[in-house]
Amino acid sequence: MQRVAGNGPQLRAFLQAMPKGADLHNHVGGSNYAEDFLRWADEDQGCIARDTHQLLPPPCGEGTVPARGLAARDAAFFSATVDALSMRNFVQGNAAASGHDQFFSTFARFGSSQARRPDAIAATLEQAARDRVSYVELIANPAQSAELGKRAGALDWNATDLAANLAPLQAQLPALVEAAKADTAALDARVAQLLRCGQADASIGCGVRYRYVPYALRTLPAPVVFGQMLMGYAVVQADPQRYAGVNIVAPEDNPVALRDYRLHMAMFKLLSMRYPQVPLTLHAGELSLGLVPPADLRFHIRDAVAIGARRIGHGVDIGYEDDAAGLLRQMKAQHVAVEINLTSNDVILGVKGSDHPLPMYLAAGVPVVLSTDDEGVSRSDMTHEYQRAVTEQGLDYATLKQVARNGLSYSFAQGQSLWDADGRTPVAACAGSLVSGSADARCKALLEGSEKARLQWQLERDFVAFETQQLAEARR
């Protein structure tokens, strides 16, 4: 890898073929390219707002442009819509909009195309497979999350006693949870149908295991956030085969998100006590100096770790945290992983190269995973994230390999891990088998009872095949 690191195309080809484990930070919808949304709009005879480029359902009225045949009919407007739905052609420092504003503005323009969720998931899984990713945690809500949030917003809110707000909502949970389970099962069946899973011409996406991570929108009123959060916990507990853990999303610098940050952490703490088996992965520290005042950079990651987050999404402002060194030691000791999104951090926050904290986490021994965040909006993919890690952050092959292993070790895939909590030391049952490459009876028993271990075992086999092939080609 070091031999080809100075040549972009060669490095890309090398990393494209490298097994990468998991993508643990992937927003459904944001993972799809604008061209996908426009193709679906074309097929659905949808419309595009002439001024904002928002995708709209038919019929097309005044101020809209039919999506049908747009690419051939008006290539310039098609191209401008791609730009509006993504970060393509965005120029950093453009006075008209910041990268932050351009990025977050795209989601409102996807409009009714979100009805194509099965197509969106299928496309995401196919891209993951092309990037040699075997497991994905998709940040996505069932429709019932918004419904419980709406109902919570209509109740009398007890701001001084969060637990008092639970009783009127918990009575409504069973029916909503059952509906969510049924809807998700139907969604997954449709995804499998689109990918032709089980057929002779099955898509490569069928080989990617995936689960959902429900979330709360941190920019909404507190009662609504609480309702969404509660629904997330309830559905993860009720359907762990399909739902992995709970998150919180939306711009962390939003005034409401900043004001209510510690209230949101208190909500998570309360609900984690009620649902102790439900894991948390929380967006925290997706901030930079200037975007918010220094006072708002001092505690977000720490508070998320304090209430039990097992992974931190982004963690960009770690250097501004009070006692950053102590917090890093705590994350290492508690095996709290950080989800690094290099392209996203660049286009949204302008943080890249020597300004990025990735080396700080690695030096402190904090488990690091690379993820895509919103690869369609950012015009990236997982291979590109690995390439940036090499060219901008100087990661060597051994470090990249450990990062790929971490993706599965710190995932919420079910079952025992092949590795100890440090993600590096093999568990006793499979230590010898990992060396020999052949599972003995004791290791087979572990693999049979653990989806996570099976994914990890396959990753090790994929590494052997990849490295053997690369070494053979290097000798030619």
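A pocket here is an open set of grid points where a 1.4 Å probe fits, with protein on both sides within 12 Å along at least five of seven lines. I'm working from a predicted model, so I keep that in mind throughout.

**Entry: second largest pocket.** I looked up its volume and got about 350 Å³. Next I asked which helices supply at least two residues each to the lining. They are α1 (8-17) and α22 (451-475). The biggest share comes from α22, which gives six residues. By type, I find eight nonpolar, two polar and three charged residues in the lining.

**Entry: α22.** At the start of α22, a side-chain oxygen of serine 450 comes to within 3.4 Å of the backbone nitrogen of lysine 452. I also went through burial along α22: among the buried residues are Trp457, Phe463, Phe466 and Gln470.

**Entry: β1.** Is strand β1 (residues 21-27) enclosed or open? Seven of its seven residues are buried, so the rest of the structure largely encloses β1. I then looked for its pairing and found β5 (residues 133-139), parallel to β1, over five bridges. One of the partners I wrote down: glycine 21 bridges to valine 133 in β5.

Note on methods
Residues numbered from 1 in each chain as written. Predicted model: local features only at pLDDT ≥ 70, side-chain atom pairs only at ≥ 80, totals over all residues. Heavy atoms only, no water. 1 Å grid on protein atoms, 1.4 Å probe; cavity = no way out; pocket = protein on both sides within 12 Å on 5 of 7 lines; lining within 4 Å. Points joined across faces, edges and corners; volume = space filled by probe spheres on them. Helix = DSSP H or I, 4+ residues; strand = E, 2+ residues; numbered from the N terminus. Nonpolar A, V, L, I, M, F, W, Y, C, P; charged D, E, K, R; others polar. Buried < 20%, exposed > 50% of the residue type's maximum accessible area, 1.4 Å probe, protein only. Pairing = 2+ DSSP bridges. Polar contact = N/O pair within 3.5 Å; in protein donor to acceptor, adjacent residues only side chain to side chain.
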